[in-house]
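Thank you for having me this morning. Please take a moment to look at the sequence and the structure on the screen, and then we will walk through a few parts of it together.

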Amino acid sequence: YEDAVAAFEQAAKGDSEDCDIIFNLAFAHKKAGNMEAAIEAYNRVLGLEPTSIDAMYNLAGCYRDEKLYDHAIKMYERLLQQDSRHLSACNNLAYVYQRQGDSEKAVAAYRRVLELDPEHSAAGHMLAALLGEKISSSPEGYVQEVFDNYSDHYEKSLVEELEYYVPEKIRDILLAGGTWKKSFIYGLDLGCGTGLGGE
């Protein structure tokens, strides 16, 4: 993605008002982990094409990921004024309201998601949780969606935010040596599956 950023930046020098180039530059920045540059580029797209649903949606997602919830809400609401049936924007708006602690707005937004898609198991689960309804277990679709969404920043969250250092500590013990060390030929990481043990 760093190479893509460089290529799209070069292309943008040739045509700084080509929305496709700037949009792809924003996407590459996000994938390369430079969220600030991604936000700037998506805002450039909206400066050129204020009604771009894709730019609004991706920009709102950047704000959400950066925990800039007020900005995310404004962008999702702006998008929904243009396309009131945008299911993903509705669902993400509900999530952001929930993260901000605004249960009333989150409930309304999840209900809207269920109006658009009555089979949306994640929205149904979250609505039940917000309303205090008892459920036997989380729906499979909800669990899958949570982990699919978490996968992009899982390792960063695990290491930097949750300070998961078990593989590092095991390595330090092994490097310290001792007579018992020779009895271990193979190692199996049964932890969080990040590959940190292999690294």
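At what angle do helix α8 and helix α9 pack, and how far apart are their axes? Keeping in mind that this is a predicted model, the angle between α8, which covers residues 121–130, and α9, which covers residues 140–150, is about 100°, and their axes lie 7 Å apart. Because angles of 65 to 115 degrees count as roughly perpendicular, α8 and α9 are therefore described as roughly perpendicular to each other. If you look for the residues that meet there, α8 brings S121, A122, H125 and M126, while α9 brings G141, Y142 and E145. By type, the residues of this contact divide into 3 nonpolar, 3 polar and 1 charged.

Let me turn now to the core. The largest nonpolar core has 41 residues, and L59, Y76 and Y110 are those with the most contacts inside it. At least two residues of this core come from each of α2, α3, α4, α5, α6, α7 and α8. Taking L59 as an example, and leaving aside its neighbours within four places in sequence, we find it in contact with I39, Y42, N43, L46 and M75.

Finally, is N92 buried or exposed? This residue sits in helix α6, residues 87–100, and N92 is buried, because its relative accessible area is 13%, and buried means under 20%. Again leaving aside neighbours within four places in sequence, N92 is in contact with Y57, R64 and Y76, and Y76 is one of the residues with the most contacts inside the largest nonpolar core.

Methods
Residues are numbered from 1 along each chain as its sequence is written. This is a predicted model: local features need pLDDT of at least 70, side-chain atom pairs count only at pLDDT 80 or more; totals for chains, interfaces and linings use all residues. Side-chain values use heavy atoms; hydrogens and water are left out. Axes are lines fitted to C-alpha atoms, for helices over the stretch in contact, and angles run from 0 to 180 degrees between N-to-C directions. Helices (H or I, at least four residues) and strands (E, at least two) are DSSP runs, numbered from the N terminus. Angles under 35 degrees count as roughly parallel, over 145 as roughly antiparallel, 65 to 115 as roughly perpendicular and the rest as oblique. Contact means heavy atoms within 4.5 Å. Ala, Val, Leu, Ile, Met, Phe, Trp, Tyr, Cys and Pro count as nonpolar, Asp, Glu, Lys and Arg as charged, and the others, Gly among them, as polar. Buried means under 20% relative accessible area, exposed over 50%, partly exposed in between (1.4 Å probe, protein chains only). A nonpolar core is a set of buried Ala, Val, Leu, Ile, Met, Phe, Trp, Tyr and Cys residues joined through side-chain atoms within 4.5 Å.
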